[in-house]
Amino acid sequence: MILSCSHINKYFHDETLFSDVTFHINDGERAALVGNNGTGKTTLLRIIMGELAPDGGEISIAREKTVGYLPQQQGCHSDKTIYEELLEVKSDIVELDRNIREMEQQMQNASGRNLDGLLEKYHRLQTEFEAKDGYACKSQIMGIINGLGFADGDAGQCIDTLSGGQKTRVALGKLLLLEPDLLILDEPTNHLDLPSIQWLENYLSGYKGSVLIVSHDRYFLDRITQKVIEIAQKKATVFTGNYSDYARKKEQLRNTLLKQYENYEQTVKHQEAVIEKLRSFNREKSIRRAESRQKMLDKLTPVEKPYDAERSIHFELSPEKTSGNDVLSVENFSKSFGNNLLFDRINFEIKRSERVALIGKNGTGKTTLLKILCGRESANRGVARFGTNVEIGYYDQEHNLLHDDKTIFDEIHDDYPELNHTKIRNVLAAFLFTGEDVCKKISLLSGGEKGRVSLAKLMLSKANFLLLDEPTNHLDMESKEILEQALNRYTGTVLYVSHDRYFINKTATRILDLTQKKLLSYEGDYAYYLEKKELIERLYLNPEPSPSPSGSTESESKLDWKEQKEREANRRKAENAYKKAEERIQEIEGKIAELDATMSLPENASDAQKLTQLSVEKEQLEQDLELTLEQWEICMEELEKSLEL
């Protein structure tokens, strides 16, 4: 065991943040600390690190074990380059290498015993250098720099010129290079794009030490965690398994507790009714019986109502009008800022009721594309055509559509003046703004609170085509699940940008990947995208364009797009035919098995006419089975061809 937290309590302004928090982390174990915003996760990490003192309980870290900690915002100020800053972590290896080089110079001019002594020391330093994996040091540093999403050539950038998110990535890189026995990370994926998150997943999955992570990225937690520690209702509960295991066990536990609470409430209600009835008789014997029952009732151990969604956001997204089937058609979109070309002649269509996830690395132009579609930016070339009755609702991840000088109430009232005060307060209450909260200025709100205001406005818009830019940012896990449910029930159309793979897997019916200035389409969820990514990229990104007459590139772009759609349609058709043939085989085999069982019944053994009839039926089924097996082989060949193309 490397970390033990025993009965930890913490209070702020005489209010309990959490109490009696107890758990431990074993050597080599990867654990997640989860809970809604404000439950004290970051505070608990700071207590573990000694930055805050607990108001009770004890933290114990195993002797001679090292701990590394990455806060949510961990910038570093330095005039060094990214590479130099990370290389500083390996200063002992750098010093060893310098000493070895110096000794090599000295040995050139040494002889006799002096040379023997130098050789012995040289061999010792070489052994230490190899034991510390010194030869792989530089490649390890560059691997981490590239893995954390820095582009080629960024290694030479000065730290002080980086953004806050980039500085946090540098701090994460330094921490990974240190390789502490216990790695504590607070929202490490916040400043990473999808490829970088996947790289970090793989890195942590093979990490030799222990890991404790706070994260809202459920897919990330699914991939790497073996234990989940949940803080809820000021208590900590430990679940074994990954996030999906935790979610399932939590729901089972909640249902059990809810049943216990309902049984308790029913018992109390019944006993109180009986006691009241006995007392109403106003007879000595009845009163004594009522008092006896009251004593029994008083001895019952109260059962608290389990935490439910009373303090969670709850809302429905419902369009006012139904759009036409063709919601959006984009042809030959290109966009650049100066010499930075984001995307070039991209084409796509969106149909009614689709939920399309737009993914890609940071900086590829996903947010810019949404802004172009809602009229906040303009394309350098190309055209976007919206279908009949399409009404757009836009969710901006930076919440720039909110007005800092307004209160929450005025933000809603000014956009929807037809709503009376009671209606506005009811809407805001659904997004957890009650009482004096509605008078808060937008400028004073947290990212999560601004997100809830933006979602409230989105709900009121009654739009039938939603453009959402990172809608799950700053939402806790419970709020994300509620948003997932709302989108899955939504009868309109959705195009959204997200790095939340769990969210994408739950909601997307199609994925558009903006990569290498092109847009690739995947007809399925995130799991399907991962399955087909290599194949689709090999088909549409790797081939070098052959020389062609001037002006033909645009038509080739259209052909690529149409060709990809056609291939995807052929593949789906082949998959469906293959699946139907398989189901038909199972159905026929089941019927044959039933006939065999019927023929073996004692009452049929002496009935020649019945056996003859059953034999004829079986023979016909076996012929059908033979034909279906042939069809299945043909379908399998067609499917293989569609995947190889």
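Glu-64 counts as exposed, at 81% relative accessibility (the cut-offs are under 20% relative accessible area for buried, over 50% for exposed and in between for partly exposed, with a 1.4 Å probe and protein chains only). You'll find Glu-64 in the loop between strand E4 (56-61) and strand E5 (67-70). Helices here are DSSP runs of H or I with at least four residues, strands are E runs of at least two, and both are numbered from the N terminus. The phi of Glu-64 is near 60°, a positive value in a residue other than glycine. Most residues other than glycine have a negative phi.

Before going on: this is a predicted model, where local features need pLDDT of at least 70 and side-chain atom pairs count only at pLDDT 80 or more, while totals for chains, interfaces and linings use all residues. Residues are numbered from 1 along each chain as its sequence is written, and side-chain values use heavy atoms, with hydrogens and water left out.

Asp-133 also has a positive phi, near 60°. Asp-133 sits in the loop between helix H4 (112-131) and helix H5 (137-147), and with a relative accessible area of 48% it is partly exposed.

## The three-stranded sheet

Three strands make an open sheet in the order E11-E10-E13, with antiparallel pairing (two strands pair if DSSP finds at least two bridges between them). At the edges stand strand E11 (340-351) and strand E13 (381-386), each with a single partner strand, so one side of each has no neighbour in the sheet. On average, neighbouring strands of this sheet are turned by 10° against each other, direction ignored. For the angles, axes are lines fitted to C-alpha atoms, for helices over the stretch in contact, and values run from 0 to 180 degrees between N-to-C directions.

Strand E10 (residues 326-337) and E13 run antiparallel and are joined by 5 bridges; Ser-329, for one, has Arg-385 in E13 as its bridge partner. Helix H11 (residues 366-373) packs on this sheet and touches E10, E11 and E13, and the direction of H11 makes about 125° with that of E10. Contact means heavy atoms within 4.5 Å.

## The six-stranded sheet

The other open sheet has 6 strands in the order E14-E15-E16-E12-E17-E18, and its pairing is mixed. E14 and strand E18 (518-522) are the edge strands, each with a single partner strand, so one side of each is left without a neighbour in the sheet. Neighbouring strands here are turned by 15° against each other on average, direction ignored.

Strand E14 (residues 392-395) runs parallel to E15, with 4 bridges between them, and Gly-393 has Leu-466 in E15 as its bridge partner. Strand E12 (residues 355-359) runs parallel to E16 with 4 bridges, including the one from Val-356 to Leu-495 in E16. Over on the helix side of things, helix H17 (residues 526-540) lies across E12, strand E17 (510-515) and E18, running at about 135° to E18.

## Strand E15 and its crossover

How many residues of strand E15 (residues 465-469) are buried? The count is 5 of the 5, so the strand is largely enclosed by the rest of the structure. Phe-465, Leu-467 and Asp-469 point one way from E15, Leu-466 and Leu-468 point the other way, and all are buried. In a regular strand the side chains alternate between the two faces of the sheet.

E15 also runs parallel to strand E16 (residues 493-497), joined by 5 bridges, and Leu-466 has Val-494 in E16 as its bridge partner. From E15 the chain crosses through helix H15 (residues 477-489) to E16, a right-handed β-α-β crossover. Right-handed means that, with the strands pointing away from the viewer, the path from the first strand over the helix to the second runs clockwise.

## Glu-478 in helix H15

Glu-478 belongs to helix H15 and is buried, with a relative accessible area of 15%. The side chain of Glu-478 makes a polar contact with the side chain of Asn-36, at 3.4 Å. A polar contact is a pair of N or O atoms within 3.5 Å; within protein, one must be able to donate a hydrogen and the other to accept it, and residues adjacent in sequence count only if both atoms are side-chain atoms.
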